[in-house]
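The points run from the overall fold to single residues.

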Amino acid sequence: MEEISCPTCGKDMSQHTGYQIHLCIKKLIKVATNPVAYASVKKKLCPNCKKDMYDHNEEQIVECLNKFIKQVTSKSD
Ligand SMILES: [Zn+2]
Ligand SMILES: [Zn+2]
């Protein structure tokens, strides 16, 4: 099984509960959509398409992260 580390807290995504995933993703969206906050953190790569989060508009961020959430929460499929 491929290990996916959380773009927010850096821990293995498989060690997150569904609730934690949503919290971390929410934080990531907040940072990535706020230029001031984003400037104060290390560059973050989109966990879905691997591009710089800052190259995304808000819509793309939400779309990418929704795909990412699906990917990390649908392992039992
Ligand atoms: Zn996390
Ligand atoms: Zn993306």
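1. Among contacts between residues at least 6 apart in sequence, 32% join residues at least 24 apart. The coordinates come from a predicted model.

2. Confidence: the mean pLDDT of the protein is 89, and 95% of its residues reach 70 or more. By element, H2 has the lowest confidence, with a mean of 88, and helix H1 (residues 18–32) the highest, at 92. Where pLDDT is low, the predicted coordinates should not be read in detail.

3. Along the principal axes, the C-alpha atoms fill a box of roughly 35 × 20 × 20 Å. Of the 77 residues, 21% are buried.

4. Core: the largest nonpolar core has 12 residues in all, namely Cys-6, Met-13, Cys-24, Ile-25, Leu-28, Ala-32, Cys-46, Met-53, Ile-61, Cys-64, Leu-65 and Phe-68. At least two residues of this core come from each of H1 and H3. In soluble globular proteins, nonpolar side chains tend to be buried together.

5. Helix H3: this helix has 16 residues, and its first and last C-alpha atoms are 22 Å apart, close to the 22 Å expected at 1.5 Å a residue. Its buried residues are Ile-61, Cys-64, Leu-65 and Phe-68. Seen down the axis of H3, these fall within an arc of 95 degrees, so they line one face of the helix. Glu-59, Asn-66 and Lys-70 are exposed on the other side of H3.

6. Leu-65 of H3 is one of the buried residues; leaving out residues up to four places away in sequence, Leu-65 touches Ile-25, Leu-28, Ile-29 and Asn-48.

7. Lys-50: the backbone here deserves a look. Lys-50 has a positive phi of about 65 degrees although it is not a glycine. Most residues other than glycine have a negative phi. Lys-50 sits in the loop between helix H2 (35–39) and helix H3 (58–73). Is Lys-50 buried or exposed? Lys-50 counts as exposed because it has 8 C-beta neighbours inside 10 Å, and the cut-off for exposed is 12 or fewer.

Technical notes. Residues numbered from 1 in each chain as written. Chains lettered and ligands numbered in written order. Predicted model: local features only at pLDDT ≥ 70, side-chain atom pairs only at ≥ 80, totals over all residues. Helix = DSSP H or I, 4+ residues; strand = E, 2+ residues; numbered from the N terminus. Buried ≥ 20, exposed ≤ 12 C-beta atoms within 10 Å, placed from the backbone. pLDDT = per-residue confidence, 0-100. Expected span 1.5 Å × (residues − 1). Arc of directions from axis to C-beta. Core = buried A, V, L, I, M, F, W, Y, C linked by C-beta atoms within 7 Å. Contact = placed C-beta atoms within 7 Å.
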